[in-house]
Each structure stands twice: as C-alpha cells, then as structure tokens.
Amino acid sequence: MWEQACPILPSRNFDATQTFYARLDFDTWYKDNDYLLMNRDKVELHFFSHPKHTPETCNHGVYIRPKSVDALSDQIAKLDLPRAGAFPKFLPAENKPWGMREATLWDPDGTLLRIGEETTDG
C-alpha cells in the first residue's frame with residue numbers, strides 16, 4: 001500500500017530554502033551539496049540543487065492537506081508575504097467552488113504549495 005508521497009523540488013540556494021521553510025516550522029533532516037530534506041509533521045519535502053532555476057517559469061508544486069487549513073493559513077499570514085509580484089507570496093485560505101477551502105503559497109523558487117481541506121458545504 002502507498003502511504004506517503006514526498007515531492008522533489010528545485011532550490012537555487014539551499015540556505016535560502018532552509019531559512020524560508022524554517023519560518024514555516026520545517027526542520028532539516030539532511031543536507032549536502034546536492035540534496036536537502038526538510039519535514040514538518042507528516043510533510044516531507046526534498047529539494048535538489050538547481051542554481052540556474054527560474055522561479056517565474058517553475059512548474060513544480062505539491063498539494064498539502066493539513067488538519068486545519070485555517071490554522072495553517074493564519075500562521076503563514078503572520079509572515080507578511082506579498083499576495084502578488086515576486087516570490088515568495090501567499091494567498092490566505094478561501095472556499096473554492098470545487099468543495100475545498102484552500103490557501104496558496106509560493107516559495108522563493110516559485111514552487112506552488114496548495115494547502116487545502118474539504119468543506120462541508122461543497
């Protein structure tokens with residue numbers, strides 16, 4: 001049986017990636033010159049070194065299902081990230097027409113983190 005998925009995402013600079021995700025309470029499990037592993041609760045993110053990566057053309061992403069999207073959205077909102085423009089950026093949780101309540105976060109490398117949970121009114 002499949003139990004867990006761990007996305008492998010680009011990072012232009014591991015120090016910047018670590019700093020950003022540490023602000024979201026992720027811990028570093030492993031780091032060398034080519035690979036970085038971070039985790040929080042049951043979410044494990046892997047990063048590969050890609051110094052020439054362009055955030056504006058990033059097509060990497062992950063969908064995260066927390067226990068409470070609103071609690072996580074409130075925590076991220078405290079980072080005071082912009083809603084538009086350069087990366088990172090953040091859109092707080094809102095109800096979507098497909099029956100989900102979702103927040104949207106882009107990291108410094110343009111990776112999309114969609115954070116959501118099912119709504120009862122969807």
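**Sheet, core and backbone features of the predicted model**

Four strands build an open sheet of mixed pairing, in the order β1-β4-β3-β2. Strands are DSSP runs of E with at least two residues, helices are runs of H or I with at least four, and both are numbered from the N terminus. Two strands count as paired if DSSP finds at least two bridges between them. The edge strands, β1 (8-11) and β2 (27-31), each pair on one side only. From one strand to the next, the twist averages 30°. Angles run from 0 to 180 degrees between N-to-C directions, with axes fitted as lines to C-alpha atoms, for helices over the stretch in contact.

The model is predicted: local features need pLDDT of at least 70, side-chain atom pairs count only at pLDDT 80 or more, and totals for chains, interfaces and linings use all residues. Residues are numbered from 1 along each chain as its sequence is written, and side-chain values use heavy atoms, without hydrogens and water.

Strands β3 (residues 35-40) and β4 (residues 43-49) run antiparallel and are joined by 6 bridges. Within this pair, Leu36 has Phe47 of β4 as its bridge partner. Helix α1 (residues 14-22) packs on the sheet and touches β1, β2, β3 and β4. The direction of α1 makes about 0° with that of β3. Contact here means heavy atoms within 4.5 Å.

Phe47 belongs to the largest nonpolar core, which has 23 residues. Such a core is a set of buried Ala, Val, Leu, Ile, Met, Phe, Trp, Tyr and Cys residues joined through side-chain atoms within 4.5 Å. Buried means under 20% relative accessible area, exposed over 50%, and partly exposed in between (1.4 Å probe, protein chains only). Tyr21, Leu24, Phe47, Ile76, Leu81, Leu105 and Ile115 touch the most other members. At least two core residues come from each of α1, β3, β4, β5 (61-64), α2 (69-77), β6 (89-95), β7 (100-106) and β8 (112-118). In soluble globular proteins, nonpolar side chains tend to be buried together.

In helix α2, the buried residues are Val69, Leu72, Ser73 and Ile76. They lie on the same side of α2, because they cover an arc of only 100° around the axis. The arc is taken over the directions from the helix axis to the C-beta atoms. These buried residues pack against β3, β6, β7 and β8.

The structure holds 0 disulfides, a disulfide being a pair of cysteine sulfur atoms within 2.5 Å. The sulfur of Cys6 is 18 Å from the closest cysteine sulfur, that of Cys58, and therefore too far for a bond. Cys6 is partly exposed, at 28% relative accessible area. Cys58 is buried, at 17%.

Several backbone features fall in loops. Most residues other than glycine have a negative phi, and most peptide bonds are trans. A cis peptide bond joins Phe87 and Pro88, with omega about 0°. Pro88 sits in the loop between α2 and β6. Asp25, in the loop between α1 and β2, has a positive phi near 70°. Asp25 is partly exposed, at 45% relative accessibility. Asp41, in the loop between β3 and β4, has a positive phi near 55°. Asp41 is exposed, at 68% relative accessibility.
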